[in-house]
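Trainee: I am new to this structure and would like to learn how to read it. Could you walk me through some of its features?

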Amino acid sequence: MRDPRLRHTPARALAAFAALLLTLTVPPLTARAHSGSGSLLVRTDRGWVRGAAVRDGGRVFQGIPFAAPPKGELRWRPPRPAARWSGTRDATAPAHPCPQLPLTLLPDGGPVLPGESNRTGSTVEDCLYLNVRTPARSSGRPLPVLVWLHGGANAYGAGSDYDGTALAARGVVVVTVNYRLGALGFLAHPALSAESADHASGDYGLMDQQAALRWVRRNIDAFGGDRNRVTLGGQSAGSADTCLHIASPTAKGLFHRAIQQSGACAADGGLTPLTLDAAERKGSDFATSVGCTDPTTAAGCLRAVPTTQLIRATGTGAASLWAPNTGPRLLPRPPRTAWAEGRVNAVPTLSGNTHDEYRYFTALYVDLLGGGPLTPVSYTALIRLQHGNRAAAVLDTYPASAYPSPNLAYSAVGTDQRFACPARADSRLYGNRAPVHAYEFHDAQAPPFIPAPHTPQGAFHASELAYLFPTDAVAPLTPAQRRLSATMTAYWARFAATGDPNAPGTPPWPRYTTEGDRIQVLAPDRVGPTTAFAADHHCPFWQPAPVPRGAVP
């Protein structure tokens with residue numbers, strides 16, 4: 001999920017002036033722009049691009065193609081190399097987001113708000129572009145790189161929704177990425193698998209993300225970045241995808257650190273990829289819904305379906321269809337199995353969640369879409385519906401009477417089961433093989449996204465993004481929140497540079513260990529470790545310790 005307030009639009013007057021100035025100062029096309037020189041003209045492996053200067057002295061390059069347009073015969077195929085171009089490509093405006101519905105009401109499985117990238121939706125399949133933001137001119141030493149994967153249930157969003165100014169000001173080159181979404185990014189179908197050399201389909205969005213990482217490896221030095229210090233990170237679906245790349249053999253060597261924000265995949269409670277067979281069965285049902293019923297002609301039929309029809313066919317309740325699946329090459333085994341077998345790209349990881357993740361979803365689905373707040377009776381009925389045989393234990397652990405309202409009781413259940421405890425479980429798993437620093441964002445007064453009269457939002461899902469990608473003109477922070485934002489961007493930038501978030505002038509952040517179980521609290525009035533996280537979120541209830549071998553359960 002991504003915050004619609006995070007989009008950056010460079011000042012047009014400044015960009016126009018910079019472009020005019022460049023017409024007088026363009027270097028010969030035989031000379032490569034010097035890394036870190038601050039030049040607005042940079043040569044990539046596909047051609048020259050011209051970016052724009054920004055007020056802080058940095059540069060922004062937008063709409064750079066990292067793969068060929070995945071349309072026509074390239075729809076539902078692995079990304080192909082982008083074509084070379086002659087002359088200089090204008091890189092002062094973002095490209096189209098990948099096809100997605102305009103958002104007013106949102107499907108199950110990962111709701112987000114309307115943002116600049118999808119206020120009117122998109123039907124443009126030529127969408128595999130990325131954006132690069134660089135700091136002000138440096139000493140010439142290559143800088144750490146953050147490649148950011150947007151959230152949005154793998155069905156919504158765009159890289160251009162995120163303004164990396166604050167992180168770039170800390171000395172990080174920030175790369176934001178578009179990738180195929182929804183059916184176009186994750187549809188699996190037997191006919192598509194049959195024409196694949198790997199005999200698999202789906203996961204095209206993950207392939208796009210890895211193609212962007214390979215672009216970074218080939219080109220980021222020309223923008224002043226260090227290809228040997230690449231951090232892959234994301235929030236929500238972008239975080240879960242990052243988790244999958246840690247388990248993907250085809251991502252080996254493409255990144256050196258990882259950031260997971262509110263999206264786990266390796267331990268109980270996190271995202272579990274579908275098997276290829278299960279994904280193909282769901283894909284066959286989807287193909288039937290758009291009129292492609294004959295298995296022998298399904299691939300050609302699907303490629304002939306108009307983009308608008310594919311988007312509309314997603315419908316409400318279908319976002320769970322657009323999940324990654326295990327296949328023979330990109331994700332040959334589930335992440336949990338990959339960790340158990342030691343077949344992972346174990347890298348230093350910064351991982352965490354927000355304290356009140358699920359309040360956002362409660363406000364959206366219960367208050368706005370469900371007709372009003374829960375009562376004690378409807379809360380009990382909903383828990384019984386969702387938790388089956390375990391409902392009585394859930395209600396005993398989260399009685400409505402223990403919370404200010406049934407809405408907040410329901411939010412606590414969702415937060416702990418789906419976000420907080422899975423994030424902690426991933427940290428416990430990762431920490432056995434690589435350094436981990438775990439956090440919990442806890443600003444009860446974070447600027448909210450939506451009106452929520454019955455569900456105070458607190459530190460809701462994605463609330464931390466306004467502190468890492470701040471845009472004060474749209475989402476002003478208080479002085480205390482700005483100080484927290486400065487601390488967080490210092491932590492994130494230092495982690496990208498060294499694999500350890502501890503930075504001069506910031507409160508110490510201890511490494512996470514299973515024995516210590518210390519998680520850094522990030523709040524305006526307190527930044528420091530806590531050992532109360534597991535109890536606060538009832539993690540022993542959701543993820544009980546395994547019974548020792550030979551013991552009686």
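**Reading the disulfides, a pocket and a buried residue**

Mentor: Let's start with C127, which counts as buried at 1% relative accessibility; buried means under 20% relative accessible area, exposed over 50% and partly exposed in between, with a 1.4 Å probe and protein chains only. Keep in mind that this is a predicted model, where local features need pLDDT of at least 70, side-chain atom pairs count only at pLDDT 80 or more, and totals for chains, interfaces and linings use all residues. Residues are numbered from 1 along each chain as its sequence is written, and side-chain values use heavy atoms, with hydrogens and water left out.

Trainee: Which residue forms a disulfide with C127?

Mentor: A disulfide is a pair of cysteine sulfur atoms within 2.5 Å. Here the partner of C127 is C98, with the sulfur atoms 2.1 Å apart. Both cysteines lie in the loop between β5 (88-90) and β6 (129-134), so the pair ties together parts that are 29 residues apart in sequence. Strands are DSSP runs of E with at least two residues, helices are runs of H or I with at least four, and both are numbered from the N terminus.

Trainee: How many disulfides does a search of the whole structure find?

Mentor: The search finds 4. One of them joins C421 to C539, with 2.3 Å between the sulfur atoms. This pair links distant parts of the chain, 118 residues apart: C421 is in helix α14 and C539 in helix α18 (residues 539-542).

Trainee: What is N407 in contact with, leaving aside its neighbours within four places in sequence?

Mentor: Contact means heavy atoms within 4.5 Å. For N407, the list includes T362, L374 and H454. N407 lies in helix α14 (residues 406-430) and is buried, with a relative accessible area of 1%. A polar atom of the N407 side chain lies 2.8 Å from the backbone nitrogen of L374.

Trainee: How do I read a pocket, and which helix gives the most to the lining of the second largest pocket?

Mentor: On a 1 Å grid over the protein atoms alone, a pocket is an open set of points with protein on both sides within 12 Å along at least five of seven lines, and lining residues have an atom within 4 Å of a point. The second largest pocket holds about 640 Å³ of space. Its lining has 33 residues, and P78, P79, M207, R214 and R329 are the closest to its centre. Helix α5 (residues 204-219) gives the most to that lining, with 7 residues.

Key: A polar contact is a pair of N or O atoms within 3.5 Å; within protein, one must be able to donate a hydrogen and the other to accept it, and residues adjacent in sequence count only if both atoms are side-chain atoms. On a 1 Å grid over the protein atoms alone, a cavity is a set of points where a 1.4 Å probe fits but cannot get out, and a pocket is an open set with protein on both sides within 12 Å along at least five of seven lines; lining residues have an atom within 4 Å of a point. Grid points are joined across faces, edges and corners, and a volume is the space filled by probe spheres set on the points.
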